[in-house]
Structures are given as C-alpha cells and as structure tokens.
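I opened the model to look up a few local features and kept these notes as I went.

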Amino acid sequence: MNIMKILETMDYGVAPENTDNAINWIKEHNKKFGLFIDGEFEQSKKAKYFYTFNPATGEKLAQITQANKTDVDKAVKAANKAQMSWAKLTGFHRAKYLYAIARLIQKHARLFAVLESLDNGKPIRESRDVDIPLVIRHFYHHAGWAQLMEEKLDDYQAIGVAGQIIPWNFPLLMMAWKIAPALAAGNTVVLKPAEYTSLTALLFAEICQQAGLPKGVVNIITGDGKTGAEIVNHPDVDKIAFTGSTDVGRLIRQQTAGTGKKLTLELGGKSAFIVFDDADVDSAIEGIIDAIWFNQGQVCCAGSRLLVQESIADRFHQKLKERMSKLRVGDPLDKSIDIGAIIDPSQHKRIEQLVKQGVEEGAELYQPDITLPECGCFYPPTLLTEVDTAHYVAQEEIFGPVLVSMTFRTPAEAVALANNTRYGLACSVWSENINLALDIAPKVIAGVVWINCTNQFDAAAGFGGKKESGFGREGGIEGMYAYLKPKVDATLKPSMPQKVFELKSKNSKAIVDRTPKFYIGGKQARPDGGYSQAVVSSKGELIAHIGQGNRKDVRNAVEAARKATAWTNTTAHNRAQVLYFIAENLSLRSAEFAKNIQSITGVTAKQAQQEVDASIERLFYYAAIADKFDGQVHTVPVRGVVLAMPEANGIMGIVCPDENPLLGFVSLMAATIAMGNRIVMIPSQNYGLTALEFYQILETSDVPAGVVNIITGDKNELARTLADHYEVESVWYFGDAEGSTMVEKASAANLKRTWVNYGKARDWFDNKQAQGKEFLNQATDIKNIWTPYGE
Amino acid sequence: MSKIKRNPGMPLNLDWVEGIQVNTSAVERRAKSYSGRRSIKKQHQAAWLLKALSCIDLTTLAGDDTINRVKRLCNKAKKPVRKDILEALGVEKLNITTGAVCVYHEMLEAASGFLKGTGVELAAVSTGFPAGLTPFDMRVEEIRRSVAAGASEIDIVISRRLVFAQDWQKLYDEVKQYREACGDAHLKTILATGELATFRNVAKASMVCMMAGADFIKTSTGKESVNATLPVSLVMVRQIREYYQRTGYKIGYKPAGGISTAKDSLLYLILMKEELGRDWLEPELFRFGASSLLGDIERQLEHHVTGKYSASFRHAMG
C-alpha cells in the first residue's frame with residue numbers, strides 16, 4: 001500500500017513478530033519432543049505421539065509424546081530420589097537455582113513469548129508483556145522464599161513429590177505458579193502441561209538443564225488427561241496441584257480422597273465485575289476489556305458477569321459497545337492485535353453453542369462489526385445484555401470472549417448477585433467511593449477482589465478461589481503453605497480405638513433423670529429421629545441417654561449456623577470477649593466437668609482435672625489470638641496496597657477426636673469460632689455427654705445462637721451429611737482413616753475445604769500439635785484485595 | 001475529510017461537570033497500554049509520521065524571539081521535510097506543511113506575511129500567557145488585537161485559581177468571553193494541566209471549556225514543570241468524547257510540551273485513533289505543540305527512505 005493511500009485511511013497495517021527463532025528451536029528438535037525425566041530428554045522408540053497445533057492457522061507445530069504409566073512411574077521415581085537431597089540443601093542454595101532460572105528465562109524472554117503465542121494463540125502482546133514478565137517475577141520472588149524458609153516458615157517442611165497438572169490458557173505462567181513455590185519449599189515436581197500447549201514447558205526443561213538444576217528436581221511429562229490421571233493416582237506422589245476445570249478438579253478430589261496427598265485446586269469461575277454509578281465509567285470499560293477480552297476470555301478469573309447499576313446501565317452499555325468496535329481480532333503474532341485465536345475448534349464450538357443458547361433464552365446479542373481472519377479459530381468479542389440470573393449463560397462458565405450483563409439497584413443487591421453462583425474466584429469492584437468499595441470487598445465470596453482494577457497478578461499476592469472455584473492459594477506466603485506441611489505431622493501416631501464400657505447394670509444411679517439434648521440455633525433440641533443411646537460410665541453404670549442425630553438434625557444445625565452471620569461480621573475483640581467468658585464459666589464448673597470426664601473415660605481424677613484446666617487455657621489462647629491473627633499488606637509492584645485478609649471459612653462442620661472428650665472438643669471449637677466461623681460440632685461418639693453438658697456453658701457465655709451447634713450420634717454418618725452438604729464450606733474431621741477418606745470424597749460435592757487426620761491421633765495437651773498457626777490457617781482463607789490508589 | 005462543524009458552545013451544565021469521575025491508577029494503566037497494544041511499522045509508520053508532522057504547531061515562545069527567528073520558523077513550517085525525502089516517499093505532491101506556527105502577539109504581523117497563502121495556520125498565545133493573571137479586560141483585548149494582526153488561532157490560558165475554587169461558572173464566563181473575542185479565529189484553551197494537581201480537575205476544566213465554546217483543548221503552556229503526558233491526554237480526550245457523544249460537536253485536542261520523539265508522536269496518534277477515531281487524526285482536530293519533534297520525525301523519515309540512521313545536521317533547522 002502506498003503512503004498516499006495510508007494517509008487517507010490511517011490504518012495500522014500489520015506488525016508481525018518474527019517467529020524464526022521459535023520455529024528454528026522446534027526444528028532443532030526435529031519437530032518431535034520426548035519427556036524430560038531425571039534431567040534428560042527421553043525419546044522411547046515405542047513412544048506414542050500427538051500433534052500440537054498453532055490455533056491461529058491450524059498448522060501442525062510439532063509432535064509431543066503421550067506419556068504412559070511407565071513414563072510417569074519413572075518420573076515420580078526420579079523426583080522421589082532427588083527430593084531428600086533437594087530439601088536438605090540450604091535455602092540459599094535452592095535460592096541460587098531459582099534465581100538462575102529467573103535470569104535464564106529473562107534472557108530468552110522473547111523466544112518464550114513467541115513460542116507461547118504460536119502454540120496457544122494468545123496475542124504476542126500478552127505473552128510478551130504479561131505472561132513472561134509474571135513468570136520471571138514468580139521465580140525471583142520464590143528464590144526469596146527458598147532463602148527465607150528457615151526464618152519465616154520454621155515449623156513447616158516440604159511435602160515431597162508434587163504432581164502438577166496445568167491448563168492451556170496460561171501454559172508457562174501456570175507452570176511457574178506451580179514449580180516456583182514447590183521448589184522453593186524443597187519439593188520436587190512431576191509436571192504435566194496441557195496437551196494443547198506443551199512447548200514452553202519443554203523449553204523450560206532446557207532452562208533447568210542450563211541452570212544446572214539437580215537431576216530429578218523438575219520432570220516434565222506430556223500427554224492428555226490419561227497421563228494426568230496416572231500422576232494423580234501414583235502412590236508416591238505426595239501433593240497434587242491442579243489448575244483446570246471444576247469437573248476434573250472434582251474428580252481429582254474423589255480420586256485422591258484418603259490417600260493423604262495434599263491437594264490444591266484452582267478451578268473455574270464466573271467472576272462478577274461490579275460497576276457502581278459513581279465509578280469512573282471510561283476506566284471501568286477499559287477494565288472490562290482487560291477482564292473478559294484478555295486471553296480471548298479464556299481466563300478462570302475472567303470478569304465474565306458484568307453487574308452494572310441500573311441508573312447508568314444504558315449509557316454504560318452504549319459506551320461499552322463503542323469501545324468493543326475498536327478491538328482488533330486476528331493473527332496473535334501481529335503486535336497490534338487485541339484478541340487472538342481460541343485454543344481449539346472444540347472450544348470454539350462450545351462458545352458458539354452457549355451464545356446461541358443465551359440468545360434463545362432471551363439475551364440480546366451484540367458483536368461489533370469488525371473483521372475476523374478468514375481461517376483459523378477466532379471468535380468475536382461478544383456482549384449479551386438482557387441476561388437474567390435464571391439464564392444458563394449467567395451461571396455457566398463460557399471460557400471465551402463473551403460477557404453477560406445484568407443490572408442491580410443497590411449495593412446489597414450487587415453483592416447478592418455477585419455471590420449468586422457456585423463459583424468464588426474473583427471480583428472487580430468499580431466505585432470512586434472508598435467507603436463503598438471497601439464495604440463490598442469483604443462481602444463478596446471470592447479469593448481475590450480487585451478494586452478499580454482487574455486481572456492483576458503478582459507473585460507476592462495469593463491467588464485462588466472459594467466454593468467450587470477450588471481451594472489453596474498461589475503466590476505470597478499463603479501460596480507457600482500449599483507446598484508445606486507442619487513438621488509436627490510427622491510425629492503423629494495412629495489413633496487408638498476408644499474404650500467402650502459395657503453396661504453392667506441397667507439401673508441408673510441418678511436420682512433425677514438427665515436428658516441432655518442437642519444444641520441447635522441456641523436452643524436445646526430433641527433428636528429428630530427420636531432415638532437415644534446410653535452413656536455408660538467406666539464402671540459400667542448407666543449415666544444418661546444422649547440423642548442419636550440424623551440428617552435432619554444436621555440440616556437444622558446448618559440452617560441455624562447460616563443465620564448466625566453476625567458472628568462472622570462482628571469484631572475480633574467481641575469474639576475474644578466471648579471466648580474469655582466461656583473459659584470463665586467453665587472454670588466455675590471445673591470440678592463437675594472433671595468428675596464427668598473421669599466417670600466416662602476412666603482416667604484418674606488428676607488427669608481429668610488436667611484436661612479441664614488445659615481446656616480453660618486453650619480457650620484463653622484462642623481468645624488471646626482472636627484479634628492478633630492479622631492479615632498482611634503484600635508488597636506488589638503497583639502503587640497501592642494488596643490487603644491479604646484472613647476470612648472465616650463460613651459454615652464449618654467439626655468432627656471431634658476420640659481422645660480427650662473435653663479438650664479435643666474445646667480445641668477445635670475455640671480455634672474455629674475465634675476466627676468467625678459458625679460451626680456444627682459432632683462430638684466423639686461415646687463421649688458426647690461432655691460436649692452436650694458444655695452447651696450449658698455456651699448458653700451462659702453470650703455465645704450468639706447458631707454459632708456453635710452440637711449434635712451427637714454416629715460420627716461417620718453425621719460427618720458424611722456434613723461433607724455432602726452444599727452449604728457447609730469446610731469440614732474438619734478427626735476420626736478414623738475410613739472416615740477421613742469418606743469426608744474427602746464426599747467433599748467433592750461442592751469442593752469444600754477439608755482437614756482430616758487420616759486416623760492419626762494428636763496429643764491435645766501438647767500445644768505444638770494441638771493449637772496454633774495450622775489450626776488458624778485451616779480455619780481461615782486469605783482474601784487478597786487489590787487497592788490501587790493515587791489522585 | 002469534511003470540514004468540522006464548529007462548536008457553538010452551550011449553557012453551562014453543572015450536572016455534567018460535577019458527575020465527572022477519574023480514577024488515576026486506571027487512567028495510568030490504560031495510557032501505558034497503547035505502546036503494547038498497537039505497533040506501526042514500515043510504510044505505515046512513514047505515513048503516520050507524515051501525519052504527525054502535519055499536525056505540529058511549530059512553536060517559538062521565547063523572550064529573545066526576533067522577526068528573523070520567526071521567519072526561519074515560518075519557512076521551516078512551509079517546507080518541513082527535505083524534497084528528496086518527500087520524493088522518495090512519493091508524497092511530494094501533497095505539499096505537506098506543519099499545522100501552524102505558534103508565536104507571541106508581537107511576532108504576528110511579520111509571521112502573517114511569511115505565511116500568506118501557504119495554508120499554514122497562524123496561532124498566537126494570548127490572555128497574559130503563560131500565567132493569565134493580567135487584568136481581564138486586557139486579556140480580552142489582547143485576543144482582539146491578535147486576531148486583527150492576522151492570527152487564525154488563539155491559544156488562551158485559563159485562570160487556574162478558578163479551578164481550585166471549583167468556580168465553574170466564572171471559568172465558563174471567562175472562556176465564553178474569550179470565544180466571543182475570537183470571532184472567526186479558533187479558540188484553543190490551555191488548561192496548564194501540570195498545575196491543576198488532579199486529573200479530576202483537568203477533566204472538569206476540559207468540559208467547562210468545551211461548554212464555553214473552545215474549538216480545541218490544550219494541555220500546557222510549555223512553561224509548567226509537567227507538560228503533556230499520555231495519562232493527562234487520555235483524561236482530556238475522554239471528555240472530548242463525552243462532549244461529542246452528548247452534543248454532536250467535535251472538539252480538537254492539542255498536547256503541548258515535552259513531546260520530542262517520533263515514537264512519542266505515534267503514541268499520541270494511536271491514543272487519538274483509539275479513543276476518538278479517524279477524524280481526530282487531522283490538523284483540524286489534532287495538534288502537537290512542539291518544537292524539537294519535527295527534527296526527530298525528519299530523521300526517522302530519512303531512515304525509512306535510506307535504511308540508514310540519520311543525523312540532525314542533514315535537515316534544515318527550524
């Protein structure tokens with residue numbers, strides 16, 4: 001085109017990124033890649049291959065190995081062999097390797113970026129300016145964590161071999177999010193990239209070689225879901241970290257149940273993008289561009305649900321439509337492209353179908369009149385208005401460049417709509433009123449909240465979800481915990497079966513009959529089923545009857561806990577006051593509780609008294625720490641603050657240990673309610689009487705109704721109902737191995753967080769294993785609130 | 001392109017002004033994105049640089065200005081690029097000039113003679129430039145005298161103190177009178193954004209000036225410590241879009257001061273195209289207030305033609 005002509009049109013023309021180096025790299029490998037195991041690339045003659053494509057052109061880029069069980073086994077063995085010595089290196093030593101990796105990626109940054117865009121279809125702008133810089137930052141940041149482990153995480157140690165399965169939307173970035181913290185903490189890894197996008201992980205393997213990383217510390221295994229399943233189910237893998245779809249995450253939760261594998265899941269989302277009428281509208285619209293038209297909308301935390309205040313909705317939609325018409329869709333390697341190619345034709349088809357369904361359900365479709373390339377896998381930016389909550393497209397993750405829009409009238413309605421989803425990954429809040437924005441942020445159930453910004457990521461800030469968006473965090477100290485276990489866990493012994501005393505005499509010695517009931521919603525409640533079980537003293541006497549709870553009792557208790565939201569929202573100071581008061585009232589009745597413990601467990605009077613005393617002290621401990629378990633302000637590279645706030649899990653089910661009827665019960669109750677949870681407690685099966693007597697203490701200690709609910713009965717049966725319950729956000733289970741497995745498996749229903757003991761006992765008198773950081777971490781979830789500032 | 005329908009101004013609407021919100025961090029983020037989102041190479045780059053050149057208000061505003069100095073500048077404005085380069089680019093027939101020459105009142109008469117019949121506009125800074133603190137009636141009179149002396153464009157400075165006082169009515173009244181004094185000459189209102197302290201002030205002042213009848217809104221006098229930046233440009237340009245969407249009138253934009261590289265000039269053109277559209281890539285609606293920018297553009301154009309990096313002494317100085 002000649003210059004005269006261009007001066008008329010003022011078009012951008014094309015600005016193609018040179019792909020020679022990336023193509024040459026592929027050719028150097030004869031367009032065929034083996035597996036990276038134990039520090040070497042392996043290519044077996046019997047290996048099966050599949051093709052990886054450039055989604056923008058459909059052209060075949062290279063052949064990738066489909067790893068089988070033997071390959072996975074070999075990789076896990078190598079990782080296992082390497083792990084002990086890797087963990088034994090000093091933090092400084094591991095830091096040097098991570099630093100070298102960061103530096104090497106930096107030196108080859110453009111090669112990584114081009115290769116990523118070729119294989120994935122994302123615009124070169126994004127791989128060059130977003131993905132790769134974040135990758136480098138992640139390794140730098142975690143070089144620091146390796147170094148600081150001994151100082152900052154002294155009570156924790158590496159888990160072992162981490163099996164890591166990552167998605168295709170941010171191939172190298174997700175790999176960095178997985179590998180950097182794992183290595184920093186002293187784990188070794190077997191990582192499987194998504195089958196659509198293996199190339200940058202394989203290039204990274206070469207970086208590991210160049211960094212002189214010890215053999216076996218990083219192993220890269222390629223293949224499809226079958227290969228992933230081999231990693232998940234491998235007995236010598238100690239930790240699974242998965243990022244991907246909620247369906248697969250659910251499956252992994254079921255498959256790993258009871259194995260003791262630590263699990264973190266980063267799954268789907270349908271994140272809200274809330275625009276209040278006092279927002280900087282033009283900036284909010286740019287926010288939407290970054291929220292849903294970043295990476296073709298193939299982002300788990302994409303702001304895919306626009307919630308805009310009614311008073312500005314029409315103008316907002318109009319402005320948004322105009323802005324959409326400026327988006328350029330096309331060759332991902334053109335530097336002037338906003339939206340690249342959809343990863344695969346199957347995904348394209350799914351997006352098309354969902355949009356069609358949305359329109360059929362009444363949504364109004366807007367797609368700007370812009371040109372798309374004639375071939376390749378492209379989908380235009382799409383806005384669906386007139387969408388309501390009942391529409392399928394308002395509920396389901398589309399995972400494409402499709403935004404659905406709804407309106408709200410009040411801040412409360414905005415929060416209600418934002419939370420009206422099974423997911424809980426992220427949320428953007430746009431308002432120039434700091435009071436409003438900071439009020440909304442804690443109310444939205446999500447792991448990340450962006451105030452007047454969106455899709456901000458940094459290695460120093462945790463990222464991860466709640467509800468069916470998964471659990472665990474990546475980034476920040478909260479992300480390090482995902483690759484660590486408390487040192488004390490290694491010392492735990494198997495739980496011994498509880499002594500059950502035989503009834504020698506059917507005659508009760510009590511003069512007045514004792515009828516401890518359940519404690520639900522601050523009231524004493526009879527068991528729904530109308531059945532009771534006898535409580536027998538160590539001498540074989542009948543002491544009392546306690547209720548046998550059933551599903552409906554659990555339902556009622558959860559219902560009561562749901563209503564007790566004030567407890568979660570009240571100040572930590574208030575919660576501490578209540579815990580102190582509980583301790584005070586228990587102290588008043590100390591002798592009676594000691595006698596009771598002695599009677600039902602058969603311990604000596606002294607031991608029983610010790611248990612009561614320890615319980616009072618534990619209540620004091622959690623009262624003390626209730627207002628001292630502070631969040632953090634993360635140091636991220638923006639002008640602003642990232643508030644890492646520990647938030648209560650919400651409604652929790654607590655299944656108490658068989659050891660120490662009072663102390664076990666009090667330890668778990670105090671830890672969880674101190675952090676603002678509302679709980680349903682299932683006391684140890686045969687010691688339920690102590691727990692039920694305890695509600696008299698609760699009743700006199702200003703514990704609001706519904707905060708603590710107590711049901712006795714068949715422990716595992718009640719635990720199952722809790723683990724199944726869609727509204728229960730977390731379950732702690734201290735019981736036998738089978739029960740642990742059952743709870744983890746059932747938790748897959750809504751992907752609630754679980755903490756189970758796999759049949760191991762704790763010494764509840766030992767503060768190191770019976771209270772402290774791990775309990776508090778398990779009772780809370782970190783929400784990262786990004787708050788840029790500046791006038 | 002069609003002639004722009006001139007903004008007649010409108011009654012001051014305080015609801016529009018008070019409703020303006022600007023989030024600084026978000027503005028900065030967007031402003032930073034242009035360089036990553038758009039890239040202009042080869043033929044297109046050459047064409048875009050020619051366009052940038054044609055939008056320059058070639059400026060001299062110094063106490064030591066003389067007639068001869070202004071003459072040299074005017075001749076440069078008429079022939080901004082070496083002939084052989086224009087021929088190599090195939091645009092010699094376009095008779096490319098800069099958008100205007102911008103001077104103090106005292107230089108107008110001479111400049112007007114030098115520029116006669118060239119199509120290069122003649123702009124004068126006015127109203128007690130750069131501080132704008134001379135008596136009001138003298139400021140208005142200064143405009144009249146400059147128009148009479150041949151200025152086709154008047155670059156006024158607003159009273160910054162009225163912005164700090166949020167006295168939009170007074171600001172509106174002042175600018176409206178300036179506009180009346182301009183007659184057919186176009187009114188460019190300089191906000192002195194570097195002194196207005198906040199983007200919110202900049203946005204509100206932009207809107208008030210447009211309501212009062214500004215043909216252009218302009219960032220800076222070039223004398224403030226902070227002059228044109230991409231973020232402040234985005235803030236102003238968004239108000240231009242807002243005014244256009246609400247009234248149908250297209251207002252021009254002039255970033256001034258601190259834009260000295262060809263690369264920067266492309267970023268500003270990209271910003272205009274992305275935020276406002278193709279129409280704002282013409283001197284009728286877009287100007288750079290710059291002096292050294294032209295030299296860098298010439299060097300880049302020569303590089304485009306020869307493939308060799310250029311040197312400033314190979315091009316006529318302005």
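**Entry 1: a loop residue in chain B.** I began with B:L196 and listed its contacts, leaving aside neighbours within four places in sequence: B:R160, B:V163, B:L191, B:N201, B:V202 and B:A205. I note that this is a predicted model. B:L196 sits in the loop between β5 (186-190) and α10 (199-211) of chain B. I counted 22 C-beta neighbours inside 10 Å, so B:L196 goes down as buried. I also took the C-alpha to C-alpha distance from B:L196 to B:T97, and it is 33 Å for 99 residues of sequence separation.

**Entry 2: a helix residue in chain B.** Next I looked up B:V147, which is placed in helix α7 (residues 136-148) of chain B. Is B:V147 buried or exposed? I found 20 other C-beta atoms within 10 Å, and therefore B:V147 is buried, the cut-off for that class being 20 or more. Not counting residues up to four places away in sequence, B:V147 touches B:I154, B:C182, B:G183 and B:A185. From B:V147 to B:V22, 125 residues apart along the chain, I have a C-alpha separation of 36 Å.

- B:P130 belongs to the loop between β3 (121-125) and α7 of chain B.
- A:M10 is in the loop between α1 and α2 (20-28) of chain A. I classed A:M10 as buried because it has 20 C-beta neighbours inside 10 Å.
- A:Y758 is not a glycine either, and its phi is positive at about 50 degrees. I located A:Y758 in the loop between β34 (753-756) and β35 (760-761) of chain A. With 19 C-beta neighbours inside 10 Å, A:Y758 counts as partly exposed.

**Entry 3: a helix pair in chain A.** How do helix α15 (residues 411-418) and helix α16 (residues 434-443) of chain A pack? I read an angle of about 30 degrees, with the axes 10 Å apart. The angle makes α15(A) roughly parallel to α16(A), since angles under 35 degrees count as such. The crossing of the two helices, α15(A) and α16(A), is right-handed. On the α15(A) side I listed A:P411, A:A414 and A:V415, which meet A:L436, A:I440 and A:K443 of α16(A). By class, the residues of this contact are five nonpolar, no polar and one charged.

I then checked burial within α15(A) and found A:A414, A:V415 and A:A418 buried. Viewed down the axis of α15(A), the buried residues fall within an arc of 95 degrees, so they line one face of the helix. The buried residues of α15(A) pack against β12 (271-275), β13 (303-309), β16 (402-408), β18 (426-430) and α16 of chain A.

**Entry 4: the contact between the chains.** Last, I looked at the contact, which takes 33 residues from chain A and 29 residues from chain B. On the side of chain A that touches chain B, α1 (3-9), α6 (124-152) and α11 (281-292) each supply at least two residues. I sorted the residues of that side of chain A into 12 nonpolar, eight polar and 13 charged.

How values were computed: Residues numbered from 1 in each chain as written. Chains lettered and ligands numbered in written order. Predicted model: local features only at pLDDT ≥ 70, side-chain atom pairs only at ≥ 80, totals over all residues. Axes fitted to C-alpha atoms, helices over the stretch in contact; angles between N-to-C directions. Helix = DSSP H or I, 4+ residues; strand = E, 2+ residues; numbered from the N terminus. Parallel < 35°, antiparallel > 145°, perpendicular 65-115°, else oblique. Left-handed = near helix turned anticlockwise from the far one by under 90°. Contact = placed C-beta atoms within 7 Å. Nonpolar A, V, L, I, M, F, W, Y, C, P; charged D, E, K, R; others polar. Buried ≥ 20, exposed ≤ 12 C-beta atoms within 10 Å, placed from the backbone. Arc of directions from axis to C-beta.
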